[in-house]
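Open your viewer and get ready to select residues by number. This tour goes from stop to stop.

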Amino acid sequence: SGDQLRVLNRAVCNQMSSIRDRDSAIKRRTLRAGDKVSWTGRGGYTEGVIVRVKRKKAICDVGAGRNWDVPLSMLTAI
């Protein structure tokens, strides 16, 4: 029924959120300011240097004086 589907959807969304939070916590402990990282986003493959690690995102310097706020889950150390 509709109620059962809503309960199931809520459980799936909560589980996915929990997984993302855990992955962010792991990345937050391993990535530091000054680390060189890469990610693939709307602009394609990009490399940068971490300026600051926040709770769920990192500010990354991509050159030319531009800083981008990138989710920790998207970052890969290089």
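**Before you start**

This is a predicted model, where local features need pLDDT of at least 70 and side-chain atom pairs count only at pLDDT 80 or more, while totals for chains, interfaces and linings use all residues. Residues are numbered from 1 along each chain as its sequence is written, and side-chain values use heavy atoms, with hydrogens and water left out.

**Stop 1: helix α1**

Select residues 2-30, helix α1. Helices here are DSSP runs of H or I with at least four residues, strands are runs of E with at least two, and both are numbered from the N terminus.

Now pick L5, L8, V12 and M16. Together they form a nonpolar patch on the surface, with about 390 Å² of accessible area. Such a patch joins nonpolar side chains (Val, Leu, Ile, Met, Phe, Trp, Tyr) within 5 Å, each residue having over 30% relative accessible area and no salt bridge; like charges would be joined within 9 Å. Accessible areas come from the Shrake-Rupley method with a 1.4 Å probe, and for residues only the protein chains shown count as cover.

Is L5 buried or exposed? L5 is exposed, at 57% relative accessible area. L8 is also in helix α1, and at 53% L8 counts as exposed. The scale is simple: buried is under 20%, exposed is over 50%, and partly exposed is in between (1.4 Å probe, protein chains only).

**Stop 2: charged pairs**

Side chains of opposite charge can pair when their charged atoms come close. How many salt bridges does a search of the whole structure find? The search finds four. A salt bridge means a side-chain nitrogen of Lys or Arg within 4 Å of a carboxyl oxygen of Asp or Glu.

- Select R6 and D3. Their side chains meet in a salt bridge, 2.6 Å from N to O. Both residues lie in helix α1, three residues apart, which is about one turn of the helix. D3 is exposed, at 52% relative accessibility.
- Select D21 and K56. The closest N and O atoms of this salt bridge are 2.5 Å apart. The pair links distant parts of the chain: D21 is in helix α1, and K56, 35 residues apart from it, is in the loop between β2 and β3 (57-63). D21 is partly exposed at 35%, and K56 is partly exposed at 43%.
- Select K54 and D69. Here the closest N and O atoms of the salt bridge are 3.2 Å apart. This pair also links distant parts of the chain, with K54 in the loop between β2 and β3 and D69 in strand β4, 15 residues apart. K54 is partly exposed at 27%, and D69 is partly exposed at 40%.

**Stop 3: the largest pocket**

The elements giving two or more residues to its lining are β1 (36-41), β2 (44-53) and β4 (66-71). Which element gives the largest share? Strand β4 does, with four residues.

The pocket holds about 160 Å³ of space. A pocket is found on a 1 Å grid over the protein atoms alone: it is an open set of points where a 1.4 Å probe fits, with protein on both sides within 12 Å along at least five of seven lines, and lining residues have an atom within 4 Å of a point. Its volume is the space filled by probe spheres set on the points.

By class, the lining has five nonpolar, four polar and two charged residues. Ala, Val, Leu, Ile, Met, Phe, Trp, Tyr, Cys and Pro count as nonpolar, Asp, Glu, Lys and Arg as charged, and the others, Gly among them, as polar.

**Stop 4**

Select V49 in strand β2. V49 is partly exposed, at 34%.

Move to A58 in strand β3. A58 is buried, with 0% relative accessibility. Its C-alpha is 6.2 Å from that of L72, 14 residues apart in sequence.

Finish at A64, in the loop between β3 and β4. A64 is exposed, at 78%. Check its backbone: phi is near 55°, a positive value in a residue other than glycine.
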